[in-house]
There are 2 protein chains.
Amino acid sequence: MQSKYIGCVNGGKSRYNEDQAAASQFYLSCGHHTSNGSVTNNNRPKPPNSQYTEVMVTYMGIFDGHAGTGAALTASHLLETHLQEKLTEVKENILELEESEIVTPLHSAITADRLIVGALEAAFCSLDEQMARERTTFAIRGGCTALVAIFLLNTLYVANAGDCRAILSINDEIVPMSRELCPGAEMQRLQTMAFSNPGLLRNEFSNRSFCRRIWKEDIGKKVLCKEPMSEGWVYREVTSDDIRSPLVRGEGKKSRLMDTIGVSRCLGDHDLLVFGTDIRIKPFLIPLPEVKTFNFNKTSLTENDVLIMGSDGLWDVMSNQDAVSIVKAVLQQHTTQDPLRYTIAAKALVAHSRGTASDKGWRMDNDEDASFDDITAFVIPLHMVKKVGIRL
Amino acid sequence: MQSKYIGCVNGGKSRYNEDQAAASQFYLSCGHHTSNGSVTNNNRPKPPNSQYTEVMVTYMGIFDGHAGTGAALTASHLLETHLQEKLTEVKENILELEESEIVTPLHSAITADRLIVGALEAAFCSLDEQMARERTTFAIRGGCTALVAIFLLNTLYVANAGDCRAILSINDEIVPMSRELCPGAEMQRLQTMAFSNPGLLRNEFSNRSFCRRIWKEDIGKKVLCKEPMSEGWVYREVTSDDIRSPLVRGEGKKSRLMDTIGVSRCLGDHDLLVFGTDIRIKPFLIPLPEVKTFNFNKTSLTENDVLIMGSDGLWDVMSNQDAVSIVKAVLQQHTTQDPLRYTIAAKALVAHSRGTASDKGWRMDNDEDASFDDITAFVIPLHMVKKVGIRL
């Protein structure tokens with residue numbers, strides 16, 4: 001759908017491409033101040049009347065699977081349905097709140113955008129619960145990261161659980177709309193969980209990080225370490241307990257949770273165990289996304305302003321600036337009348353990061369190693385947002 | 001000590017003043033690249049020789065007690081000793097690292113300031129452990145918040161566990177050096193702990209926050225709620241489990257943890273129970289401080305630039321700007337030669353927030369309610385930092 005405006009290209013490298021994607025538009029429709037409205041799934045609703053409002057939601061998602069394609073496929077098919085359901089529950093409030101706020105006695109203002117954020121969070125969590133229930137029946141294997149963007153009432157919401165990335169390129173500015181949720185980036189949360197429930201470590205992992213690997217020979221020596229939840233380093237006299245692996249090893253993209261997985265949030269993975277043990281990792285791997293919002297009310301947009309979304313296969317070999325430069329170059333070469341210019345831009349991103357096969361393996365134009373991973377890229381024009389996001 | 005430069009005034013209102021304070025200077029001394037150096041507690045060390053370096057540490061702390069004065073008194077007497085011990089463990093590294101970095105194979109650079117932050121964190125935690133061990137023997141009752149500032153090698157470190165506050169007033173700028181660690185401000189950490197170990201809630205508290213108080217009559221109704229660790233609101237059909245009190249009730253300064261305490265970090269409180277129950281609150285009340293740093297290398301300082309520290313009794317009735325205005329007015333009235341100008345400024349802060357007794361109760365100059373709490377204020381001149389922080 002919408003291939004005219006949204007360019008999504010998927011350039012898999014693994015035998016079974018584990019990247020999946022989805023894009024669609026649906027309507028939230030309801031009578032003013034009544035609860036009789038009903039959402040029409042992907043079909044246009046009945047013609048509007050004076051009591052009737054409909055709001056279009058543009059939905060896009062990238063789901064990067066690991067340890068199987070099951071979770072990514074399930075998420076690409078079902079997350080939209082969960083999101084529609086959650087948005088439907090608050091649609092009356094959203095419309096009423098657009099210009100006002102529910103002020104409650106116990107909490108500061110509940111605004112429309114906090115309800116939409118809540119719907120996104122709840123959609124991720126309820127899909128994860130569904131995967132847990134149905135994983136045996138439907139052979140939902142492995143897990144997947146999820147990056148979802150929705151346009152709704154002139155605002156962009158980007159919900160992220162994992163290491164995909166979304167950026168806005170507006171005029172000459174780049175606005176990051178997500179951060180990579182890797183174990184190293186979520187040290188505080190992971191250590192807080194283990195601190196509060198040390199049983200999760202099963203005496204196999206330690207909640208301390210030492211500055212280097214610890215061996216039996218280190219027992220009794222003083223080695224610099226970071227205590228759980230701390231920001232500073234202290235000397236600690238190593239004990240036999242400290243020879244265990246750290247809960248989080250390494251930093252950034254190379255960090256690993258329980259020596260196993262390189263993301264700290266994802267969908268699925270309910271049966272994921274530390275290799276060769278019966279230690280479950282899922283208690284740490286929450287499906288809850290981080291959600292970032294960007295309101296376009298005060299932003300003037302042109303045909304060259306875009307949202308770029310990509311799986312880690314893209315961003316592993318490309319900076320934000322690289323991606324924006326590649327997209328801008330393509331857009332300059334194609335007139336704004338060309339319906340394929342965004343698709344071509346997305347293709348250029350994938351082609352660039354996939355590289356070309358040579359004697360030395362897959363290389364990019366600059367002769368650096370190309371991506372070894374599956375690659376997915378969306379290039380979404382923003383100037384349509386105001387046009388499509390209207391109420392009838 | 002140092003009354004010439006540091007003004008600390010304590011204006012208690014409770015029967016037993018629960019605010020305590022401490023200030024001192026001590027030296028970290030060591031031979032270059034040897035481990036024979038020893039710290040001299042509050043006494044000047046032997047004269048320097050070519051192999052010998054000493055660095056002065058200026059230390060100030062405010063300890064606001066609750067449920068007794070025991071913890072605050074203990075902290076005001078002992079925290080400095082713990083800090084000296086922890087700094088001594090890393091003093092050689094600190095001096096070596098001042099211009100270089102330990103680069104480790106597993107972690108990004110460990111810098112001198114990360115070792116000093118580590119020493120502050122460890123000092124708070126080991127004092128809390130001492131209080132736990134000795135609370136019966138020495139009748140250490142209740143708990144206390146702690147706000148500690150140290151000047152070391154031209155950098156200010158402010159470690160905060162609780163709801164005291166420190167700000168810098170430099171030129172015309174105000175730089176917050178701490179944030180109030182109340183239950184509402186630490187919702188994420190508290191909910192993560194309860195999520196990871198629901199047993200801590202003992203079936204008496206809920207890890208969800210509803211937009212209003214929930215009654216039996218609400219069972220089956222849909223009410224807006226925030227799920228644990230979430231940022232958005234969703235409708236939830238109320239069940240009997242939801243009638244429990246929320247782990248955190250309310251927001252900001254008025255928030256309460258388990259309906260009991262208004263801070264989320266502090267020292268002591270090892271025996272604190274939810275009223276009328278045997279439910280322990282301490283698992284949530286960590287002693288770990290948040291530490292903020294400010295380096296003065298590129299800042300030119302005058303005699304009117306100060307660090308202001310205060311207990312919540314001060315900040316409850318005064319904004320940062322109010323405090324800075326009061327201090328600036330006093331400093332303008334007293335020449336830089338007047339050794340008492342900072343003490344007079346601290347006195348002015350306390351006098352202002354304490355107000356004067358009237359028919360309508362204690363009132364401030366602007367006729368608003370004065371503070372009901374104990375009040376402590378430090379006004380510390382910054383231009384001395386470079387002069388006193390030298391190496392010999």
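A crossing of two helices is called right-handed if the near helix is turned clockwise from the far one by less than a right angle, and left-handed if the turn is anticlockwise. Keep that in mind for the tour, which runs through a predicted model.

**Stop 1: helices 5 and 6 of chain B**

Select residues 320–333 of chain B, which form helix 5, together with residues 341–354, which form helix 6. Helix 5 of chain B passes helix 6 of chain B in a right-handed crossing. Their axes come within 9 Å and cross at roughly 140 degrees. Parallel, perpendicular or oblique? Helix 5 of chain B and helix 6 of chain B are oblique to each other, because an angle has to be over 145 degrees to count as roughly antiparallel.

Now show side chains. From helix 5 of chain B, the residues in the contact are B:Ala323, B:Ile326, B:Val327, B:Val330 and B:Leu331. Facing them from helix 6 of chain B are B:Arg341, B:Tyr342, B:Ile344, B:Ala345, B:Ala348, B:Leu349 and B:His352. Colour the contact of these two helices by residue class and you will find 10 nonpolar, 1 polar and 1 charged.

**Stop 2**

Move to chain A and pick helix 5 (residues 320–333) and helix 6 (residues 341–354). Here the two helices pack at an angle of about 140 degrees, with their axes 9 Å apart. Helix 5 of chain A and helix 6 of chain A are therefore oblique to each other, and their crossing is right-handed. Helix 5 of chain A brings A:Ala323, A:Ile326, A:Val327, A:Val330 and A:Leu331 to the contact. Sorted by class, the contact of helix 5 with helix 6 in chain A holds 10 nonpolar, 1 polar and 1 charged residues.

**Stop 3: a sheet in each chain**

Stay in chain A and highlight strands 9, 10 and 11. These 3 strands form an open sheet in the order 9-10-11, with antiparallel pairing. Which strands lie at the edges? Strand 9 (209–210) and strand 11 (234–237) of chain A do, each pairing on one side only. Strand 10 (residues 222–226) of chain A joins strand 11 of chain A through 4 bridges in the antiparallel sense. To see one bridge, click A:Val223: its partner in strand 11 of chain A is A:Arg236.

Switch to chain B, where 3 strands also make an open antiparallel sheet in the order 9-10-11. Strand 9 (209–210) and strand 11 (234–237) of chain B each have a single partner strand, so one side of each is left without a neighbour in the sheet. This time, look at the pairing of strand 9 with strand 10 (residues 222–226) of chain B, which is antiparallel over 2 bridges. Select B:Ser209 and you will find B:Lys226 of strand 10 of chain B opposite.

**Stop 4: where helix 3 meets helix 3**

Bring both chains into view and select residues 187–196, helix 3, in chain A and in chain B. The axes of these two helices come within 8 Å and cross at roughly 50 degrees. Helix 3 of chain A and helix 3 of chain B are therefore oblique to each other, and the crossing is right-handed. From chain A come A:Arg189, A:Thr192, A:Met193, A:Phe195 and A:Ser196, which meet B:Arg189, B:Thr192, B:Met193, B:Phe195 and B:Ser196 from chain B. By class, this contact of helix 3 with helix 3 has 4 nonpolar, 4 polar and 2 charged residues.

**Last stop: the whole pair**

Zoom out and superpose the chains. Chain B can be laid on chain A with an RMSD of 0.0 Å by a turn of 180 degrees and a shift of 0.0 Å along the axis. The two copies are thus related as by a two-fold rotation axis. Finally, select the interface: 100% of the interface residues of chain B are also interface residues in chain A, so the copies meet through the same surface.

Technical notes: Residues are numbered from 1 along each chain as its sequence is written. Chains are lettered from A and ligands numbered from 1 in the order in which they are written. This is a predicted model: local features need pLDDT of at least 70, side-chain atom pairs count only at pLDDT 80 or more; totals for chains, interfaces and linings use all residues. Side-chain values use heavy atoms; hydrogens and water are left out. Copies are superposed by least squares on the C-alpha atoms of residues with pLDDT of at least 70 in both. Contact means heavy atoms within 4.5 Å. Axes are lines fitted to C-alpha atoms, for helices over the stretch in contact, and angles run from 0 to 180 degrees between N-to-C directions. Angles under 35 degrees count as roughly parallel, over 145 as roughly antiparallel, 65 to 115 as roughly perpendicular and the rest as oblique. Ala, Val, Leu, Ile, Met, Phe, Trp, Tyr, Cys and Pro count as nonpolar, Asp, Glu, Lys and Arg as charged, and the others, Gly among them, as polar. Two strands pair if DSSP finds at least two bridges between them.
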